[in-house]
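User: I have a protein model open and I'd like to learn how to read it. Please take me through a few features, one at a time.

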Amino acid sequence: MSAKRGVEFLKSIAEYYGKAGGHDSLTNVFKVTGGGDGRCIGEFRVAKSHLNAAGTLHGGFIATIVDHVTSYALMSADSHPGTSVDLRVSYMSPAKENDDVIVDAKTLKVGKSMAFIDCVLKRKSDGSIIAQGGQTKYVNFKK
C-alpha cells in the first residue's frame, strides 16, 4: 500500500476537515483507525451535542459522517473527492450518548465518471448495525 493512500493519508484528511470550520467541523470527533486503498475505518463517541430531542444519535449527524467518511475512502483510492450525486442512509437502531461507534467505508468501484462507496456504522460494544448507507459521486475532474 502506498503511503499516499494509507492510514496516515486518511488521518491527515480527517484532521483537515475536522478543523475546517463550518459544518465540516462536526466530524472532528471521528478518529481514523485503519484503511487505505479505497477503505476508511474509524470511530467516534456519541456526545450530547450529537443527540436529537429523543436522546439518540441524530440522523443528520449520521448522514454527515457517512458523507465525509465515504469521501475519505474514495480519496484513499487515489480518486478526486468528487461531487455527491446521491447520498443515502438507512437507520436501523439507535445509539445513545457515550456509545462508541465504528464506521467502515469501502469504495466499491471508481469508473471514468462515477464512483460508488458504501458505509456501515456499528455499535462497538455489541456490533449491532446503527445505520448503513453510502453515496455515488461524480469524479471526472482533473487531479
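This is a predicted model: local features need pLDDT of at least 70, side-chain atom pairs count only at pLDDT 80 or more; totals for chains, interfaces and linings use all residues.

User: How many bridges join β1 to β2, and which way do the two strands run?

Analyst: The general idea: strands of a sheet pair through backbone hydrogen bonds, either parallel or antiparallel. Here β1 (residues 31-35) and β2 (residues 39-45) run antiparallel, joined by four bridges. Two strands count as paired if DSSP finds at least two bridges between them. Strands themselves are DSSP runs (E, at least two residues), as are helices (H or I, at least four), numbered from the N terminus. Further along, Val32 stands opposite Gly42 in β2. The β1-β2 hairpin has three residues between its strands, and Gly36 there takes a positive phi near 115°.

User: What does β2 pair with on the β4 side, and how does β4 carry on to β5?

Analyst: Seven bridges link β2 to β4 (residues 100-110), again antiparallel. Gly42 turns up here too, opposite Val103 in β4. Then β4 pairs with β5 (residues 114-123) over nine antiparallel bridges; Val101 sits opposite Arg123 in β5. β4 and β5 make a hairpin with three residues between them.

User: In what order do the six strands sit in the sheet?

Analyst: Read across the open sheet and you get β1-β2-β4-β5-β6-β3, with antiparallel pairing. β1 and β3 (83-91) are at the edges with a single partner strand each, so one side of each has no neighbour in the sheet. From one strand to the next, the twist averages 20°.

User: Which strands does helix α1 touch?

Analyst: Helix α1 (residues 7-18) packs on the sheet, touching β1 and β2, and its direction makes about 155° with that of β1. Axes here are lines fitted to C-alpha atoms, for helices over the stretch in contact, and angles run from 0 to 180 degrees between N-to-C directions. Take Val7, which lies in α1. Leaving aside neighbours within four places in sequence, Val7 is in contact (heavy atoms within 4.5 Å) with Val32, Gly34 and Gly35. Val7 and Val32 are 25 residues apart in sequence and 7.4 Å apart in space, C-alpha to C-alpha.

User: Is Ser71 buried or exposed?

Analyst: Buried means under 20% relative accessible area, exposed over 50%, and partly exposed in between (1.4 Å probe, protein chains only). Ser71 counts as buried because its relative accessibility is 10%. Ser71 lies in helix α2 (residues 59-76) and, leaving aside neighbours within four places in sequence, is in contact with Gln135 and Lys137. Val7, at 25%, counts as partly exposed.

User: Where does Tyr138 sit, and how accessible is it?

Analyst: Tyr138 is in strand β6 (residues 129-138) and is partly exposed, with a relative accessible area of 31%.

Technical notes: Residues are numbered from 1 along each chain as its sequence is written. Side-chain values use heavy atoms; hydrogens and water are left out.
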